Amino acid sequence: MSTSDQSLIPQTPVESKEHEDHYNKIRKDYNHLMETMPKGNGWRVEHIYNYNGFWISPEYIKANLLLHAYFKPQPTDIFLASFMKSGTTWLKALIFSTLTRHLYSFSNNYLHHHGPQSSFPFLDSECETFPITDFTHMSSPRLFATHFPRNLLPKSMASCKSVYICREPKDVLVSKWFFMSKLREKDLPLFSFDEAFDLFCEGVSDYRPFWEHVLSYWRASLESPEKIMFLKYEEVKRQPEVVVKRLATFMGVPFTAEEVEKGVVENIVKLCSFENLSNLEVNKKGVETFGKVEVKNREFFRKGVSGDWRNYLSDEMKQRIDGIIDEKLKGSGLIFGP
């Protein structure tokens, strides 16, 4: 294993012999994985690895091992799961403001001074180091976000409620290429859109293949609709008020008739709109830290539209992606597009 890979294992003191033995086993498992897993070209880092059928960067493979070993979900936890660049930032804001609508006024809201990312611990980076945070300081219901596919999460999380959001894959490709290009390690060569397109079609990119990620939550939502709310970015764009009401009911905090009459739902949608959030000072100049990666808040607000892929994909590219997605989702009942 390279020196850079070795540095991903934290040298954190452990509290007992039992913990030390357990953690040493995880270190050993991680080292073995890094030596044996298939390796592909990364978008942000040089290499990503095929971990149980999904392409994951090294630090998040380590995080996944620690998540399985130490994370203890509570029955009231709510998880926001998504494929990268599918509307996660927007859903974080909508879910958080819906759940905390009795704690903050619309004129002086938490989201006026903090980026939406800070309202949810991101499990994929929170679990990068040992000992991981136990999150017991958080009030119930605790909110967590993850990009891990359903079948890479601990089975203990299946009893909790999850909201999953996906998006037209061609828009995901474009949005992710822009995002990852900004975060790409500086000593790596520029990452062209053509290269990103080919890797996307091959299923090689963080948390990919796209189709397997989406299907992992789609199938689970069909089996347990009371536990998994499956959303598409495009439907949230079309009917945000309707979706917010559904979210509130799903999370066990439905809006009262009085709240609806007073315009609370519309105010939440307005508060969390792309136009409002992207123009807040905290999202123009603020920075969020995810493990060792710092991201400027403004990078989470590029356009917030559907169909931008038309400005970047040729007809041939469109047909290739559509053909792959149609084949991979065939028979599932899940479709994208109008």
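This note goes through the cysteines, strands and aromatic contacts of a predicted model.

1. Basis of the values. Since the model is predicted, local features are given at pLDDT of at least 70 and side-chain atom pairs at pLDDT 80 or more, while totals for chains, interfaces and linings use all residues. Residues are numbered from 1 along each chain as its sequence is written, and side-chain values use heavy atoms, with hydrogens and water left out.

2. Cysteines. With a disulfide taken as a pair of cysteine sulfur atoms within 2.5 Å, the count of disulfides is zero. Cysteine 166 is in no disulfide, the nearest cysteine sulfur being that of cysteine 201, 18 Å away; seen from cysteine 201, that distance to the sulfur of cysteine 166 is too far for a bond. Cysteine 166 has a relative accessible area of 0% and is buried, where buried means under 20% relative accessible area, exposed over 50% and partly exposed in between, with a 1.4 Å probe and protein chains only. Cysteine 201 also counts as buried, at 9% relative accessibility.

3. Helices (H or I, at least four residues) and strands (E, at least two) are DSSP runs numbered from the N terminus, and two strands pair if DSSP finds at least two bridges between them. Strand β6, residues 161-166, has five of its six residues buried, so it is largely enclosed by the rest of the structure. Strand β4 (residues 78-82) runs parallel to β6 and is joined to it by five bridges, with serine 82 having isoleucine 165 of β6 as its bridge partner. Five bridges also join β6 to the parallel strand β7, residues 228-232, where leucine 231 is the bridge partner of isoleucine 165.

4. The three-stranded sheet. Strands in the order β1-β2-β3 form an open sheet with antiparallel pairing; its edge strands, β1 (39-41) and β3 (54-56), each pair on one side only. Strand β2 (residues 47-51) is paired with β3 over three bridges in the antiparallel sense, and tyrosine 51 stands opposite phenylalanine 54 in β3. Helix α3 (residues 58-70) packs on the sheet and touches β2 and β3, its direction making about 35 degrees with that of β2; contact means heavy atoms within 4.5 Å, and axes are lines fitted to C-alpha atoms, for helices over the stretch in contact, with angles from 0 to 180 degrees between N-to-C directions.

5. Aromatic pairs. Rings of Phe, Tyr and Trp (its six-membered ring) pair if their centres lie within 6.5 Å, with planes under 30 degrees apart counted as stacked, over 60 as edge-to-face and the rest as tilted; the structure holds 27 such pairs. In one of them, the rings of phenylalanine 200 and phenylalanine 210 have centres 6.0 Å apart and planes at 35 degrees, so the pair is tilted. Phenylalanine 200 lies in helix α7 (residues 193-202) and phenylalanine 210 in helix α8 (residues 210-223), so this pair ties together parts that are 10 residues apart in sequence. Phenylalanine 210 is buried, with a relative accessible area of 1%, and also forms a tilted pair with phenylalanine 336, at 5.8 Å centre to centre and 50 degrees between the planes.

6. Charges over rings. The charged end of lysine 170 sits over the ring of tryptophan 309, 4.7 Å from its centre, under the criterion that NZ of Lys or CZ of Arg is within 6 Å of the ring centre and within 35 degrees of the ring normal. The charged end of arginine 208 sits over the ring of tryptophan 43, 5.3 Å from its centre.
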